[in-house]
Amino acid sequence: MKTEYEPSVALPSKETIEKSIDLLLNCLTKIDDASGEFLLDFDGLKVDDKSWCVWNWPQGVGLFGTYMNYRNTGNEKARRIVADWFEARMREGAPSKNINTMAPLLAMACLYEDTGDSRYLPYLERWADWCMNDLTRTQEGGFQHVTYGPPNTEQMWDDTLMMAVLPLAKIGMLLGRQDYIEEARYQLSIHIKYLADRKSGLWFHGWSFERRDNYAEALWARGNCWITIAFPTIIEVLELEPDDALYRLLVEALRAQIAALAKYQDPETGLWHTLIDDPDSYLETSGSAGFAFGILKAVHKRYVDPSYADVANRAVNGILAQMGDHGQLANVSVGTPLFDDLDGYRNVGITDMPYGQSLSVLALTEALVSYC
């Protein structure tokens with residue numbers, strides 16, 4: 001739909017956006033870590049965060065962005081990429097359960113909703129049951145950010161909302177499980193309580209109940225983008241009405257964040273720095289793509305003033321400027337742990353990652369709504 005506001009920052013042509021999406025999807029399925037350069041080593045456990053053919057959170061985000069493109073445009077290529085990925089992973093067998101490996105369940109839930117394929121149902125049931133009954137909780141019942149690595153004792157991360165809370169909410173709606181829905185609602189609330197920065201409107205990466213602090217108080221771009229994506233998405237998933245208290249809480253938090261993002265957007269590139277408020281940290285593409293999607297979505301749903309379309313359009317143009325001829329993206333940071341100091345974020349490595357591709361697909365797909 002169109003708002004009455006006419007953005008002063010123009011988007012590229014619809015054809016350019018569609019061609020760029022196609023290139024991004026081509027590149028997505030070719031990403032791998034053949035050299036092992038980016039393998040994570042957790043006391044001898046080697047974890048591949050990068051390669052497309054792995055069941056983990058980068059691929060989960062990749063599947064979600066790709067499947068949303070199919071849902072919104074009917075792009076058969078995008079549907080086939082997601083369906084083929086699940087076919088291959090189900091043959092291999094699912095990995096051990098943690099916050100990050102739950103991320104693919106969001107796309108699987110959407111696929112089950114659209115196809116009714118009964119093979120997906122046991123996965124949805126078992127992973128949601130694990131999340132409700134076996135996932136370690138922090139004080140006050142928050143989801144502890146349990147991954148392949150250290151247990152992250154008493155830690156809550158903003159990543160968790162994207163990787164585990166969104167899938168749980170979606171599964172709860174699909175299966176008619178009110179307990180899952182209520183748990184998702186609570187997790188949203190407690191994460192807002194401990195991770196939202198009241199001064200800036202942005203979000204801290206993590207919180208520790210042991211330390212009673214937000215570590216380095218990092219206003220990390222990609223961590224913030226999980227919020228910009230998750231909040232408008234979960235409003236739709238849970239079918240929240242404007243008079244619902246959670247709807248009001250999410251929209252107000254989103255408005256505060258988007259107002260702050262507009263302030264910190266790089267005026268030359270349209271991107272954001274990996275530490276949003278630190279212009280000496282590098283400009284980062286994946287977080288910027290998440291912001292572009294979330295801001296556009298918020299404009300299209302009238303959660304924020306339509307003038308923010310200029311911020312989002314500027315970001316879309318900036319993302320396209322990072323694309324190579326074969327759909328590869330520059331300046332995408334690798335998986336980022338919770339650091340004790342800001343230099344940890346400033347020095348995170350850069351490479352092709354599935355979420356860089358798919359967050360850009362997500363942003364460009366939402367940009368296509370502007371032509372409707």
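This is a short tour of the structure above, stop by stop.

**Ground rules.** The model is predicted: local features need pLDDT of at least 70, side-chain atom pairs count only at pLDDT 80 or more, and totals for chains, interfaces and linings use all residues. Numbering starts from 1 along each chain as its sequence is written, and side-chain values use heavy atoms, with hydrogens and water left out.

**Whole chain.** Start with everything shown. The chain has 13 helices and six strands. These are DSSP runs numbered from the N terminus: helices are H or I with at least four residues, strands are E with at least two. The C-alpha trace spans about 50 × 50 × 45 Å along its principal axes.

Now colour by burial. Of the 372 residues, 61% count as buried. Buried means under 20% relative accessible area, exposed over 50%, and partly exposed in between (1.4 Å probe, protein chains only). The accessible surface comes to about 14600 Å², with 47% of it belonging to carbon and sulfur atoms. Areas come from the Shrake-Rupley method with a 1.4 Å probe; for residues, only the protein chains shown count as cover. Among contacts (heavy atoms within 4.5 Å) with a separation of 6 or more, 68% join residues 24 or more positions apart.

**Helix H1.** Select residues 14-28. H1 has 15 residues and reaches 21 Å from first C-alpha to last, close to the 21 Å expected. The expected span is 1.5 Å times one less than the number of residues. Show side chains: Ile17, Ser20, Ile21, Leu24, Leu25, Cys27 and Leu28 are buried. They cover an arc of only 160 degrees around the axis, which puts them on the same side of H1. The arc is that of the directions from the helix axis to the C-beta atoms. On the other side, Glu15 and Lys19 are exposed. The buried residues pack against H2 (57-73), H3 (76-92), H11 (309-321) and H13 (354-368).

**Asn313.** Stay with H11 and pick Asn313. Asn313 counts as buried because its relative accessibility is 4%. Leaving aside neighbours within four places in sequence, Asn313 contacts Pro7, Val9, Leu11 and Leu296.

**Helix H7.** Next, select residues 178-195. H7 has 18 residues and reaches 26 Å, close to the 26 Å expected. Its buried residues include Glu183, Gln187, His191 and Tyr194. The buried residues of H7 pack against helices H5, H6, H8 and H9, as well as strands S3 and S4.

**Aromatic pairs.** Finally, show Phe, Tyr and Trp. Rings (six-membered for Trp) pair if their centres lie within 6.5 Å; planes under 30 degrees apart are stacked, over 60 edge-to-face, and the rest tilted. The whole structure holds 18 such pairs. Zoom to Trp52 and Trp85: their centres are 6.2 Å apart and their planes at 55 degrees, so the pair is tilted. Trp52 lies in the loop between S2 (45-47) and H2 and Trp85 in H3, so the pair ties together parts 33 residues apart in sequence. Both Trp52 and Trp85 are buried.

Move to Trp272 and Phe291. This pair is edge-to-face, at 5.0 Å centre to centre and 75 degrees between planes. Trp272 sits in strand S5 and Phe291 in helix H10, 19 residues apart. Both Trp272 and Phe291 are buried.
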